[in-house]
Amino acid sequence: MRTIVIGGGIAGPAIALALRQTGHDVTVYEAYEVPVEDVGAHFSLAVNGLRALDKLGCLRDVQAVGFPIDRMRFYTAGGHLLGDVPRLRRDADSMRSVSLQRGRLVAVLRRAALDAGVEIVTGERLVGATESANSVVAEFASGRRDTAELLVGADGIWSTVRGLIDSSAPRAEYAGLYGVAGISTLPGVEPGVWNLTYTRNGAFVYTSIDERTQWWTAQIGDPVKPDLRGVDDAQWLRRVTELFPEAMPRALLAAATSIAASGCLNVCDPIQKWHSGRMVLVGDAAHPVGVGHGASMCIEDALELAAALSSAPTVPAALKAYDEARRPRIDKLLKHGHNARESKRPGAVKRQINAAKMRALLPFFERAQGYLYDYEPPSLSAVGGAQSTGR
């Protein structure tokens, strides 16, 4: 089957690689030509996402460019420990979550997709698509056109494909939070631990990836969407230092060596229509979940869609099966994401409420979120083989 994938971030190469494993002829179109290693800040992959990467044959390569994270700890603004739990895994799981730079993951996935025979075309922006009973024609801003039996929208929260499938689909909106990510070199911070402090102006997250290097993100609550253009590293550090006077953020910011990225957090109302007859959404185009699980959900989507296309009699039937298989899990996670974002909004009363909630809920953390990490991805058969139902 010939398939066009729109978007070359995480979801696009992942779905392309999964579809190549099941015999598809795949071309990925990416709007930007920026070297992928230079894009984005650091983030985390949960163990369910890592198991999905293992099915794609990329696990070791991803682990090699990231850092294992064992625990996560939550603190009050005054530095008091609220709780200490396993990071994005069950306590008994021998696998550890991984923190890495976004561009490194994209580079691994693109390289694997290219090695598998995927064509990746950069600098081509989708502007339209026309479906018929048996095909879909993609139209690009350059005037280029391409025809396939399936078009996959892996083009993120600002998805163009979403609007082509449903012109009334919700659009992304500013969530009242923006983030600034940076790198510091502060000796004596325990490595392998993800830490979050609820502060007066939002939340401050940091991870020590080795004996003296920390990756941090300041998540700042602001009801008015800020203009982030043209702010240099020195200006960012001054602004973030003023907003985060708490002890540990202040120490890390004083030891900062660079700003890695900045951006607004965006949200989208639930997207009711994930597919038409020949087009389908994956990843943030379908369900921007956030809260440290977006990348893992993209990779899960890739395997589930490839499995559905391998086993269903027609493309429309496969897209329907994919939708039905994914929605219950995604809907549950979307609720969790909303609650997590609300907990990071500023305010003295809210900080006290958050602290009380965390003290009450963290002892039951695994019971509440263990379902996320229990996921077993489907095994994809080799080209020409039968689809395995291994889960």
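The radius of gyration here is taken over C-alpha atoms, and the globule rule is 2.2 Å times the number of residues to the power 0.38. By that rule, a compact globule of 391 residues would have a radius of gyration near 21 Å, and the protein agrees because its value is 21 Å. You're looking at a predicted model, where local features need pLDDT of at least 70, side-chain atom pairs count only at pLDDT 80 or more, and totals for chains, interfaces and linings use all residues. Residues are numbered from 1 along each chain as its sequence is written, and side-chain values use heavy atoms, with hydrogens and water left out.

**The whole protein**

- Along the principal axes, the C-alpha atoms fill a box of roughly 60 × 45 × 35 Å.
- The secondary structure comes to eleven helices and 18 strands; these are DSSP runs, numbered from the N terminus (helices: H or I, at least four residues; strands: E, at least two).
- Buried residues make up 54% of the 391 (buried means under 20% relative accessible area, exposed over 50%, partly exposed in between, using a 1.4 Å probe and protein chains only).
- Take the contacts (heavy atoms within 4.5 Å) with a separation of 6 or more: 72% of them come from residues 24 or more positions apart.

**A three-stranded sheet**

- S3, S7 and S4 form an open sheet in the order S3-S7-S4, with antiparallel pairing (two strands pair if DSSP finds at least two bridges between them).
- Strand S3 (42–45) and strand S4 (67–69) stand at the edges with a single partner strand each, so one side of each has no neighbour in the sheet.
- From one strand to the next, the twist averages 35° (axes are lines fitted to C-alpha atoms, for helices over the stretch in contact, and angles run from 0 to 180 degrees between N-to-C directions).
- S4 and strand S7 (residues 97–101) run antiparallel and are joined by three bridges.
- Ile-69 stands opposite Ser-97 in S7.

- Gly-221 sits in strand S16 (residues 214–221) and counts as buried because its relative accessibility is 18%.
- Tyr-178 is 43 residues from Gly-221 in sequence, yet their C-alpha atoms are 6.7 Å apart in space.
- Arg-278 lies in the loop between strand S17 (256–267) and strand S18 (279–281).
- Not counting residues up to four places away in sequence, Arg-278 touches several residues, among them Glu-131, Asn-134, Glu-149 and Leu-319.
- Arg-278 is buried but has no salt bridge, and Glu-149, the nearest side chain of opposite charge, is 4.9 Å away.
- A salt bridge needs a side-chain nitrogen of Lys or Arg within 4 Å of a carboxyl oxygen of Asp or Glu; Lys and Arg count as positive, Asp and Glu as negative, while His and the chain ends are not counted.
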